[in-house]
Amino acid sequence: MSLHTPLCDRFDLDHPVVQAPIGSVSTPELAAAVSNAGALGTLAVTWRDFEATRAVIEAVRDRTDAPFAVNLVLDDEATEFPTDDHLDVCLDAGAPLVSFSFGDPAPYVGQVHDAGADALATVGSAAEARAAVRAGVDAVVAQGWEAGGHVQSEVSTMALVPRVADETPDDVPVVAAGGIADGRGLAAAFALGADGVWLGTRFVATEEADAHERYRSSVVDGAADETVRGTPFPKGWPDQPHRTLESRATERWVAAGRPPLDERDDADEVVAETGSGEPLERYVDLPPLSGVEGRVGELPHYAGQSVGGVNEVDPAAAVVERLVGGAAATVESLERLRGDRP
């Protein structure tokens with residue numbers, strides 16, 4: 001059964017599946033593997049300097065001829081690099097799609113289109129969707145509050161996606177994000193009015209992601225009711241809510257009354273270091289990558305409520321194949337229930 005949707009037509013995809021940026025855990029190998037599987041791979045570049053941004057985009061281009069995206073966070077609190085200049089680097093390096101999140105994409109969409117690329121915008125409300133459409137984006141990502149990592153919305157995916165779909169013209173595909181881990185979630189997104197899905201937590205637990213082994217294992221072992229949303233790890237991106245797996249670090253924060261960073265006496269303590277030897281202080285917003293050593297459990301293990309549907313570490317291509325196959329089987333089952341198929 002074909003699951004070809006307007007999202008596939010708009011971005012020349014075989015499958016209506018998008019890999020979320022997943023921050024520093026994203027790699028050229030992951031984005032290329034997803035794109036080579038017929039879906040849309042994405043690189044997070046917000047926290048990479050211009051030289052590193054160009055290098056990772058070129059690394060993806062070396063690995064695939066298929067479309068892929070880069071993501072830029074528009075909140076000035078999240079990055080030290082000017083968005084205009086960063087976007088220029090992305091487009092000059094040949095990124096065919098750019099996704100924007102946590103801010104107004106309007107000042108940048110023209111720049112993207114002038115370069116012959118396409119623009120996506122992540123929204124957390126129907127009002128943000130209307131503004132993104134007015135800005136001229138080519139697709140809208142509706143992120144529900146179940147999502148992992150940093151979260152824009154206060155509304156659940158099931159409530160948000162229909163409202164966004166109602167506010168979005170037919171020629172602007174809608175992508176559902178938050179709480180989706182398998183083919184049943186993809187089929188449900190179709191029923192809500194979306195043209196595809198955006199998954200982050202599921203792609204953390206892939207062979208190509210740069211997550212520390214303990215991070216990937218905790219995603220595989222995690223349950224839907226074992227996440228916490230708030231600001232337990234604000235160092236690097238102050239005041240932006242995020243969802244992580246519960247840990248001793250989050251338990252201490254909750255028990256203390258969820259204090260702001262300036263009321264935490266242990267905020268300057270070094271708990272780990274990167275593979276290159278850079279110290280990582282308690283409450284930093286960086287998740288543990290593959291080379292990190294130290295008290296890895298003190299770092300944020302970003303994951304959404306879909307974590308309960310992640311049961312193993314797989315190659316990214318297998319994740320895409322299973323998603324599409326599961327969605328097709330679900331749609332066929334529903335059609336049989338309606339009597340549309342023998």
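Two strands count as paired if DSSP finds at least two bridges between them, and helices (H or I, at least four residues) and strands (E, at least two) are DSSP runs numbered from the N terminus. By that rule, strand β4 (residues 97-101) is joined to β5 by four bridges, and the two run parallel. The model described here is predicted, so that local features need pLDDT of at least 70 and side-chain atom pairs count only at pLDDT 80 or more, whereas totals for chains, interfaces and linings use all residues. Residues are numbered from 1 along each chain as its sequence is written, and side-chain values use heavy atoms, with hydrogens and water left out.

**The eight-stranded sheet**

- Eight strands form an open sheet in the order β1-β9-β8-β6-β5-β4-β3-β2, with parallel pairing.
- The edges are held by β1 (17-19) and β2 (41-44), each of which has a single partner strand, so one side of each is left without a neighbour in the sheet.
- From one strand to the next, the twist averages 25°, where angles run from 0 to 180 degrees between N-to-C directions and axes are lines fitted to C-alpha atoms, for helices over the stretch in contact.
- Strand β8 (residues 174-177) pairs with strand β9 (residues 196-199) in the parallel sense over three bridges, and A176 stands opposite V197 in β9.

**Burial of β5**

- Strand β5 (residues 118-123) is mostly covered, with six of its six residues buried, where buried means under 20% relative accessible area, exposed means over 50% and partly exposed lies in between (1.4 Å probe, protein chains only).
- D118, L120 and T122 point one way from β5, while A119, A121 and V123 point the other way, and all are buried.

**Helices around the sheet**

- Helix α3 (residues 50-63) lies across β2 and β3 (68-73) and runs at about 165° to β3, contact being heavy atoms within 4.5 Å.
- A55 lies in helix α3 and is partly exposed, with a relative accessible area of 41%; the C-alpha atoms of A55 and P28 are 9.4 Å apart in space, although the two residues are 27 residues apart in sequence.
- Helix α8 (residues 183-192) lies across β1, β8 and β9, and runs at about 130° to β9.
- In helix α7 (residues 157-166), the buried residues are T157, L160, V161, P162, V164 and A165, and what covers them includes β5, α6 (126-135), β6 (139-143), β8 and α8.
- In α6, the buried residues are A126, A129, A132 and A135, which pack against α5, β5, β6 and α7; just after α6, G136 takes a positive phi of about 95°.

**The α4 and α5 pair**

- Helix α4 (residues 83-92) and helix α5 (residues 106-114) pack at an angle of about 20°, with their axes 11 Å apart.
- The two helices α4 and α5 are therefore roughly parallel to each other, on a scale where angles under 35 degrees count as roughly parallel, over 145 as roughly antiparallel, 65 to 115 as roughly perpendicular and the rest as oblique.
- On the α4 side T83, D84, L87, D88 and L91 take part, and these meet Y108, Q111 and V112 in α5.
- The residues of this contact of α4 with α5 divide into four nonpolar, two polar and two charged, where Ala, Val, Leu, Ile, Met, Phe, Trp, Tyr, Cys and Pro count as nonpolar, Asp, Glu, Lys and Arg as charged, and the others, Gly among them, as polar.

- L7 lies in helix α1 (residues 6-11) and, at 0% relative accessibility, counts as buried.
- Not counting residues up to four places away in sequence, L7 touches L13, P16, V18, P173, V175, D195 and G196.
- H150 is found in strand β7 (residues 149-150) and is buried, with a relative accessible area of 12%.
- With residues up to four places away in sequence left out, H150 touches F102, Q143, W237, Q240, P241, H242 and Y302.

**The three-stranded sheet**

- A further open sheet has three strands in the order β13-β12-β14, with antiparallel pairing, and its edge strands β13 (279-281) and β14 (293-294) each pair on one side only.
- Strand β12 (residues 270-273) is joined to β14 by two bridges and the two run antiparallel, with A272 opposite G294 in β14.
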